[in-house]
Amino acid sequence: MTVGQQRAWDTRWPELGRDVKALPPGPLALDEWFGRHAPVLLEIGSGMGETTSQLAAAQPELNYLAVEVYKPGLAQLILRADVLGVTSLRLLRGDAVTVLTDHVEPDSLAGVRLFFPDPWPKARHHKRRIVQPDFVALVASRLQPGGVFHMATDWEEYADQMMTVCSGESRLRNVYADEPGGWAPRPDWRPVTKFESRADNEGRVSHDLMFAKVD
């Protein structure tokens, strides 16, 4: 980590972050951790935090929970969030599946975001992709009725897989099923990530998908 990232980690992580492996059994006491009761949005894979910090700053009414495995990325997210004055963000370092399975109550999340996950482009690696039927079923079980699972990817074949898998989950409905291909219009509020910029430069089209938990 850089000197600044290390300083942010040393001074702010004890308040803002938790290591998933060190969590006590059972659901997270989120109201206590955030210091208030508010709708909870879970973002999976916050990377270096540029998008996450902006999204959390734009929606201070949400308790924004970000899960990421990369320590320097979390430290950089802390730096970015502090610059923007974000107070409604908490961080988890570890596996998102473990978080959802062991530490999130059913029907409790207002939304889940998964932006530009690792596409594992080689066919023999597709099984490593996070968007699989079991994972989508887990997300659906943790969303509250009406809660939205929002995905984005710049790999067309992965987007098709996301569409197929989510469409096959009975507890989810495609919010934009009437749009061409069922794709969600790119929301203006989602910042352009470095991955999306690279995809544009390389001629790949990014797709957004939004599926809501049925009532």
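## Ground rules

Residue numbers start at 1 along each chain as its sequence is written, and side-chain values use heavy atoms, with hydrogens and water left out. Because the model is predicted, local features need pLDDT of at least 70 and side-chain atom pairs count only at pLDDT 80 or more, while totals for chains, interfaces and linings use all residues.

## Overall build

The protein chain has 8 helices and 8 strands (DSSP runs: H or I of at least four residues for helices, E of at least two for strands, numbered from the N terminus). Its C-alpha atoms fill a box of roughly 45 × 40 × 35 Å along the principal axes. Of the 215 residues, 50% are buried (under 20% relative accessible area; exposed is over 50%, partly exposed in between, with a 1.4 Å probe and protein chains only).

## Salt bridges

The whole structure holds 10 salt bridges (a side-chain nitrogen of Lys or Arg within 4 Å of a carboxyl oxygen of Asp or Glu). Arg-12 pairs with Glu-15, closest N and O atoms 2.6 Å apart; they sit 3 residues apart in helix α1 (residues 3-16), about one helical turn. Arg-12 also bridges to Asp-82 at 3.0 Å, N to O. Asp-82 belongs to helix α4 (residues 71-84), so this pair ties together parts 70 residues apart in sequence.

Then there's Arg-129 with Glu-157, at 2.7 Å between the closest N and O atoms. Arg-129 is buried at 3% relative accessible area, whereas Glu-157 is partly exposed at 40%.

## An exposed lysine

Lys-127 is in the loop between β5 (109-115) and α6 (133-142), and counts as exposed at 70% relative accessibility.
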